[in-house]
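Please look at the two chains shown below, and follow the report with the model open beside you. It is meant for a reader who is new to protein structure.

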Amino acid sequence: MNILVCISKAPDTTSKITFKESNTSFNEDGVQFIVNPYDEWYALVRALELKETQGGKVTIISVGGADYEPIMRKALAIGADEAVRVDAQPLDAFQVASEIAAYAADKGFDLVMAGKETIDYNGAQVGGMVAALMHLPYVSNATKMDVAGSEATVERDKQGGTEVLSVSLPAVISAAKGMAEQRIPNMRGIMAARSKPLQVIPSSAPAQLTETVRYELPPEKGSVKLIDPENVNELVNLLHNEAKVI
Amino acid sequence: MNVLVFADSDNGKVAKAAYEAASYGANIATKSGGKATLVTYGQVDNLNELAQYGISDILHAESVDHVDPMQLAALVDAAAQSTGADLLIFSHDYTGKTIAPVVSARMKAGMVTGAIDYPALDGDFVVKTNVFSGKAFAHVKINTDKKVITLLPNSVSKSKSEANANVTAFAPDLGNASVSIKETKIKGGDGINLTEAELVVSAGRGLKAPENWGMIEDLAHELGAATACSRPVADVGWRPHHEHVGQTGIAIRPDLYIAVGISGAIQHLAGVNGSKVIVVINTDPEAPFFKAADYGIVGDAFDVVPKLVAAVKELKASQS
């Protein structure tokens with residue numbers, strides 16, 4: 001099994017989100033970056049489990065500047081065999097997907113995996129775009145996956161339930177919660193990661209289709225209206241007559 | 001501009017979110033002097049109702065099933081070509097989220113996911129969307145002639161029109177399926193879909209044990225609300241994972257979110273801060289959730305919730 005896992009970085013879930021340059025760019029000052037949890041906990045760990053039972057190789061790919069390397073080393077410490085960084089500053093998901101598809105086109109991967117979305121832009125775009133650009137089958141939101149021969153059995157969430165699907169490989173799979181358990185890298189993994197190959201390749205200069213013109217923070221909530229626990233009827237009254245939601 | 005709306009269907013119906021997407025697409029088509037068409041597939045019992053939401057034409061591919069996202073993307077491609085669509089609208093639900101990026105990459109059409117408002121149409125085409133798991137908004141400009149938007153449910157109001165859409169059978173060639181279905185597992189429950197629910201009652205560790213959820217379900221039942229939970233409660237198996245709302249669960253934007261015994265960690269707030277009205281019931285007056293709430297009760301859930309159930313019952317009785 002030759003597996004490619006797409007790795008993105010994302011601000012830690014406890015980060016305070018602020019913007020700079022008149023709200024046109026995300027303020028990274030003081031922000032701790034992590035491997036996007038869907039890429040790490042689910043896609044990468046499941047890829048490693050498959051490699052451990054079936055043999056093969058797990059390659060990770062990221063599209064970004066040198067500032068990506070700490071989180072790529074983390075993915076190597078968790079157990080990936082080698083890493084590829086496409087040296088680019090992507091401005092939208094299509095650029096990320098195009099870079100990944102351009103790299104993967106002639107490498108013969110059996111599986112391309114990604115998290116179902118990143119926790120910063122929540123676009124959920126890269127997996128589907130890579131599948132479209134590589135003309136591969138695609139299953140999104142997979143919560144379980146097993147591979148036998150050239151066929152994967154995938155469980156995915158759907159509206160009101162789940163489905164078990166069979167998909168022929170090679171394929172692109174996006175991973176959701178449930179696919180694997182988080183792995184904490186051990187000291188041996190961290191040491192080994194330092195000497196694992198991290199190849200930097202040039203951008204294929206894909207087109208940019210969208211641009212973020214500005215950001216906005218949600219308006220501050222007014223202060224909460226507290227209701228006496230002995231007077232619960234008042235809450236119902238307010239929800240009915242003031243907020244008009246019931 | 002000509003607009004094409006994709007409506008997912010499941011179990012013989014299009015979802016409620018499709019009415020919203022149809023209204024959204026029809027509104028943009030009208031404002032920009034174009035025509036709105038909708039494409040859907042499979043058996044759809046509520047096609048006549050769907051036809052009332054401002055769309056001019058519905059293309060119905062009855063023989064297509066939902067299993068292979070690539071075939072659904074090909075269906076949308078074919079419909080976009082036959083209608084000359086400039087803008088494609090999907091609901092930001094499981095199917096929409098899956099096939100919209102496929103369609104976008106095939107057509108090299110710039111895409112915005114999770115839109116929460118109408119695009120600006122004078123000058124640049126800019127759409128407001130949720131980012132950082134609801135902690136911020138981004139205004140994203142689409143630079144290409146062809147455009148793709150996924151619309152977050154409960155973002156715009158639905159509006160009916162006087163004329164009904166014409167329904168036409170549609171049967172393009174979609175190629176062979178590369179994905180096949182082995183098994184479907186439908187969840188039990190009362191059928192209120194959490195992402196589309198207008199009212200949601202949610203509870204967390206403050207309830208102390210899974211057997212205490214009866215009063216939460218009672219409250220949800222009286223209100224006609226869906227039930228949800230916080231992450232710790234789903235992680236220990238007190239509640240099913242599909243009820244987990246938050247940064248790593250699902251994000252919802254109901255009209256009313258009632259949080260019982262949930263402290264309001266930043267990761268939980270990320271999944272619910274698009275709610276129009278938030279009510280927090282917690283014993284701890286310092287719980288961070290109160291800062292994000294519109295109404296709050298500092299009190300014991302075991303005391304407050306049964307009273308709330310009774311008060312809602314009383315209101316409903318007075319209305320009937």
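**Chain B as a whole**

What is shown here is a predicted model, not an experimental one. The secondary structure of chain B comprises nine helices and 17 strands, and its C-alpha trace spans about 60 × 45 × 40 Å along the principal axes. A compact globule with 320 residues would have a radius of gyration near 20 Å, and the 21 Å of chain B agrees with that. Of the 320 residues in chain B, 57% are buried. If one takes the contacts in chain B between residues at least 6 apart in sequence, 66% of them join residues at least 24 apart.

**A buried strand**

Strands of a sheet pair through backbone hydrogen bonds, in either a parallel or an antiparallel manner. Strand β1 of chain B, residues 3-6, runs parallel to β6(B) and is joined to it by three bridges, with V3(B) having L87(B) as its bridge partner. Strand β10 of chain B, residues 147-151, also pairs with β6(B) in the parallel sense, over five bridges, and here L88(B) stands opposite V148(B).

| Strands | Sense | Bridges |
|---|---|---|
| β1(B) and β6(B) | parallel | three bridges |
| β6(B) and β10(B) | parallel | five bridges |
| β15(A) and β17(B) | parallel | two bridges |
| β9(A) and β10(A) | antiparallel | six bridges |

**A sheet of six strands**

An open sheet with parallel pairing is formed by six strands in the order β15(A)-β17(B)-β16(B)-β15(B)-β13(B)-β14(B). Between β15(A) and β17(B), which covers residues 295-298, the pairing is parallel over two bridges. K225(A) stands opposite Y295(B) in β17(B), and the bridge partner of L226(A) is G296(B).

**The helix on this sheet**

Helix α5 of chain B, residues 214-223, packs on the sheet and touches β13, β14 and β15 of chain B, its direction making about 175 degrees with that of β13(B). Which residues of α5(B) are buried? They include I216(B), L219(B), A220(B) and L223(B). These four cover an arc of only 100 degrees around the axis, which puts them on the same side of α5(B). An α-helix has 3.6 residues a turn, so residues three or four places apart point the same way. The cover over the buried residues of α5(B) includes β13, β14, β15 and α9 (301-319) of chain B. Just after the helix, G224(B) takes a positive phi of about 75 degrees.

**A sheet of 10 strands**

In another open sheet, 10 strands follow the order β13(A)-β7(A)-β6(A)-β1(A)-β8(A)-β12(A)-β9(A)-β10(A)-β11(A)-β12(B), and the pairing is mixed.

Within it, β9(A) and β10(A) pair in the antiparallel sense over six bridges, and V147(A) has A152(A) as its bridge partner. Helix α4 of chain A packs on the sheet, where it touches β1, β8, β9 and β12 of chain A, and its direction makes about 70 degrees with that of β9(A). Helix α2 of chain A, residues 69-78, lies across β6, β7 and β13 of chain A and runs at about 160 degrees to β7(A).

**Where the chains touch**

The contact takes 66 residues from chain A and 76 residues from chain B. The elements that give two or more residues to the chain A side include α3, α4, β9 and β10 of chain A, and the largest share, eight residues, comes from β11(A). By class, this side has 35 nonpolar, 21 polar and 10 charged residues.

Key:
Residues are numbered from 1 along each chain as its sequence is written. Chains are lettered from A and ligands numbered from 1 in the order in which they are written. This is a predicted model: local features need pLDDT of at least 70, side-chain atom pairs count only at pLDDT 80 or more; totals for chains, interfaces and linings use all residues. Two strands pair if DSSP finds at least two bridges between them. Two residues are in contact if their C-beta atoms, placed from the backbone, lie within 7 Å. Axes are lines fitted to C-alpha atoms, for helices over the stretch in contact, and angles run from 0 to 180 degrees between N-to-C directions. Ala, Val, Leu, Ile, Met, Phe, Trp, Tyr, Cys and Pro count as nonpolar, Asp, Glu, Lys and Arg as charged, and the others, Gly among them, as polar. A residue is buried if 20 or more other C-beta atoms lie within 10 Å of its own, exposed if 12 or fewer, and partly exposed in between; C-beta atoms are placed from the backbone. The arc is that of the directions from the helix axis to the C-beta atoms. The radius of gyration is taken over C-alpha atoms; the globule rule is 2.2 Å times the number of residues to the power 0.38.
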